[in-house]
Amino acid sequence: MEDTEQRILNAALRVFASEGYTGATTRKIAEEANVAEVTLFRKFKSKENLLKEVLINNRTVFSSLEELFHIFQNEKDADLETELRILGKNIAKAMKDKKKDSKRRMFMFMLFEEGRRRPEVSEALLSFLQMNIKPLSEYFDLQIKNGKMRTINSRSAAITFVSYFVYTSLLREVFGDSLLGDYNEEIERFIDIFTKGILKDEEN
């Protein structure tokens, strides 16, 4: 059985997704969670704090990635391309699974849409993205240190890597598999381009 805090978070996700940040009043969220509005404020203080907690509560993709990073850190002789392939497949699988959860999907669309107009939403989304990009950036820093990657901006590499999977997830949402084809084959193509670049090897 859900505790009160989790019930409020789940209700907030549903109301934010359907009403947007502006329309999602704390009264509506409290009613959806079947709690008194004062209980919501006692636990989360404000709607902005509640939004941030909903984001943290739904970061399952990157929680699983952090576990992989810890494993990779202890395998210094592992092949970088293989590790990135594993990371990519885990991100893609999580994105694919989330397609079944329309409320989470609508919630993320709401964040990007309202983030353009409301600084509190933009700040919450930025904090969430930074929290998720950080472990991947640190992983790339480690690969640079171990001589497996050339010296690059690890943060830019992390954003590029994650953005690909987020964007292709949205493409599949609109077009199905007709544009991108098979998941595993598309991941293989991306990892090849990401690790080798697009310039022709002058030695060949």
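Modeller: A helix here is a DSSP run of H or I, at least four residues long, and helices are numbered from the N terminus. On that basis Thr168 is found in helix H9. Bear in mind that this is a predicted model.

First, the setting. The chain has 10 helices and zero strands. Its pattern along the sequence reads α-α-α-α-α-α-α-α-α-α. Of its 204 residues, 40% count as buried.

Stay with Thr168 for a moment. Its relative accessible area is 10%, so Thr168 is buried. A polar atom of its side chain lies 2.9 Å from the backbone oxygen of Tyr164. That is within the 3.5 Å limit for a polar contact.

Tyr164 belongs to one aromatic cluster, together with Tyr139, Phe140, Phe161, Phe165, Phe190 and Phe194.

Now the ring pairs. A pair of aromatic rings is described by the distance of the centres and the angle of the planes. The structure holds 12 aromatic pairs. One of them joins Phe140 and Phe161, with 6.4 Å from centre to centre and 75° between the planes. Planes over 60 degrees apart count as edge-to-face, and the Phe140 and Phe161 pair is edge-to-face. This pair links distant parts of the chain: Phe140 sits in helix H8 (residues 119-145) and Phe161 in helix H9 (residues 154-175), 21 residues apart.

The cut-off for buried is under 20%.

Next, Phe190 and Phe194. Their ring centres are 5.6 Å apart and their planes meet at 40°, so this pair is tilted. Why about one helical turn between them? Phe190 and Phe194 are four residues apart in helix H10 (residues 183-196), so about one helical turn separates them. Phe190 counts as buried because its relative accessibility is 10%. Phe194 has a relative accessible area of 22%, so it is partly exposed.

Rolling a probe the size of a water molecule over the atoms shows where empty space is left. The second largest pocket has about 360 Å³ of space. Phe194 is in its lining, alongside Leu80, Leu84, Lys148, Met149, Arg150, Ile152, Ala157, Ile193, Thr195, Lys196 and Gly197. By type, the lining of this pocket divides into seven nonpolar, two polar and three charged residues. Helix H6 (80-98) and H10 each supply at least two lining residues. H10 gives the largest share of that lining, four residues.

So what does Phe194 do in this picture? Phe194 is a member of the aromatic cluster and a lining residue of the second largest pocket.

Lys47 lies over the face of Tyr21, at 4.3 Å from the ring centre. Ala11 is found in helix H1 (residues 4-23). Its relative accessible area is 0%, so Ala11 is buried. Ala11 and Ala33 are 22 residues apart in sequence, yet 5.2 Å apart in space, C-alpha to C-alpha.

Definitions and conventions. Residues numbered from 1 in each chain as written. Predicted model: local features only at pLDDT ≥ 70, side-chain atom pairs only at ≥ 80, totals over all residues. Heavy atoms only, no water. Phe/Tyr/Trp six-rings, centres within 6.5 Å; stacked < 30°, edge-to-face > 60°. Buried < 20%, exposed > 50% of the residue type's maximum accessible area, 1.4 Å probe, protein only. Lys NZ or Arg CZ within 6 Å of the ring centre and 35° of its normal. Polar contact = N/O pair within 3.5 Å; in protein donor to acceptor, adjacent residues only side chain to side chain. 1 Å grid on protein atoms, 1.4 Å probe; cavity = no way out; pocket = protein on both sides within 12 Å on 5 of 7 lines; lining within 4 Å. Points joined across faces, edges and corners; volume = space filled by probe spheres on them. Nonpolar A, V, L, I, M, F, W, Y, C, P; charged D, E, K, R; others polar.
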